[in-house]
Amino acid sequence: MTTTAVKPATMAQALGRALHDAMAADPAVHVLGEDVGTLGGVFRITDGLAKEFGDDRCTDTPLAEAGILGTAVGMAMYGLRPVVEMQFDAFAYPSFEQLVSHVSRMRNRTRGALPMPITVRVPYGGGIGGVEHHSDSSEAYYMATPGLHVVAPATVADAYGLLRAAIASDDPVVFLEPKRLYWSKAEWSPDHPEEVAPIGRAVVRRPATGGRAATLISYGPSVPVCLEAAEAAMAEGWDLEVVDLRSLVPFDDETVCASVRRTGRAVIVHESTGFGGPGGEIAARITERCFHHLEAPVLRVAGFDIPYPPPMLERHHLPGVDRVLDAVARLQWESEWTEGRAV
């Protein structure tokens, strides 16, 4: 028996391999979007698919997002499993009416007779120096739409595993791909990919071992920020547990609340705006379920409540290690370190 050596792979490579393997395993899987064929997608995620599977299964479309997703609805109604690529996060907005009015409701509207096995791949988030309409974090819109699943990988293994699960799902999945993690690397075997938790399950990326503990809760591009902050926090005597949500809908209350009950404190970190952003819903769920375990209010570190700024200013907008540590310092530690500090 031959085995493929584990070697460094990027998230982009894992996503491309997931699409390839899904298309090879099921002829009903079709990829469509702007420049996904000949060019291989603006981030080259679909590179080589048209050559191997043909233009009828990896199809370049006009620049018309509403038409692309509307076509996918028809394909799904006839038994196919379309995977739609939206080139950038804010480019998906013209298709929002299709997503809300049809994709999210069709299975319920037909009492289960017409499932919508559509995967909508959305490269999202900042950190790449993109101009307006190229760096939005739109997850709150999708989370607020009943009938959609919403996932966001933060690791190479999850990029492959969650995308395969999304394509196999009979429910529509908005698959948020953090653009600045496309070129992040990890040891990974494309021929023997490791099993990952399913959609709907969070994982603890870094457990707390005791002492002055708190939980950092995040997903997608902010998970590496939280892990870096947790390492830096050790110098101040804070032991920070990091929970990677992976799946925003369905939401894993069990894993999140178990962590918060252990630590008694929580900080939610995401690039989306604070007002009306995902952190508000997450904080409410924690407060409802963990109130008697909380030793401090649940705090949020988020993007500012502004349209995405120009590239030279995005470093001020995005949650970074310093902002995360500032929030941790405000968690009412009742210690000499925070005594007299402004909050």
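This is a predicted model: local features need pLDDT of at least 70, side-chain atom pairs count only at pLDDT 80 or more; totals for chains, interfaces and linings use all residues.
Visitor: Okay, in what order do the five strands of the open sheet come?
Guide: The order is 9-11-10-13-14, with mixed pairing; helices (H or I, at least four residues) and strands (E, at least two) are DSSP runs numbered from the N terminus, and two strands pair if DSSP finds at least two bridges between them.

Visitor: Which strands stand at the edges?
Guide: Strand 9 (203-206) and strand 14 (299-303) do, and each has a single partner strand, so one side of each is left without a neighbour in the sheet. From one strand to the next, the twist averages 25°, where angles run from 0 to 180 degrees between N-to-C directions and axes are lines fitted to C-alpha atoms, for helices over the stretch in contact.

Visitor: How many bridges join strand 13 to strand 14?
Guide: Four bridges join strand 13 (residues 266-273) to strand 14, and the two run parallel; Val-267 stands opposite Leu-299 in strand 14.

Visitor: And which strands does helix 9 touch?
Guide: Helix 9 (residues 253-263) packs on the sheet and touches strand 9, strand 10 (212-218), strand 11 (238-244) and strand 13, its direction making about 160° with that of strand 10; contact here means heavy atoms within 4.5 Å. Helix 10 (residues 278-290) also packs on the sheet, touching strand 10, strand 13 and strand 14, and its direction makes about 155° with that of strand 13.

Visitor: Switching topic, how do helix 1 and helix 7 cross?
Guide: The axes of helix 1 (residues 11-25) and helix 7 (residues 156-168) come within 8 Å and cross at roughly 30°. Helix 1 and helix 7 are therefore roughly parallel to each other, in a scheme where angles under 35 degrees count as roughly parallel, over 145 as roughly antiparallel, 65 to 115 as roughly perpendicular and the rest as oblique.

Visitor: Which residues make that contact?
Guide: Among them are Met-11, Ala-14 and Leu-15 of helix 1, and Val-156, Ala-159 and Tyr-160 of helix 7.

Visitor: Is strand 4 mostly covered or uncovered?
Guide: Strand 4 (residues 81-85) is mostly covered, with five of its five residues buried; buried means under 20% relative accessible area, exposed over 50%, and partly exposed in between, using a 1.4 Å probe and protein chains only.

Visitor: What does strand 4 pair with?
Guide: Strand 2 and strand 4 pair in the parallel sense over five bridges, with His-30 opposite Pro-82 in strand 4. Three bridges join strand 4 to strand 5, which run parallel, and Val-83 stands opposite Thr-119 in strand 5.

Visitor: Last one, where is the cis peptide bond?
Guide: A cis peptide bond joins Val-249 and Pro-250, with omega about 0°, and Pro-250 lies in the loop between strand 12 (247-249) and helix 9.

Key: Residues are numbered from 1 along each chain as its sequence is written. Side-chain values use heavy atoms; hydrogens and water are left out.
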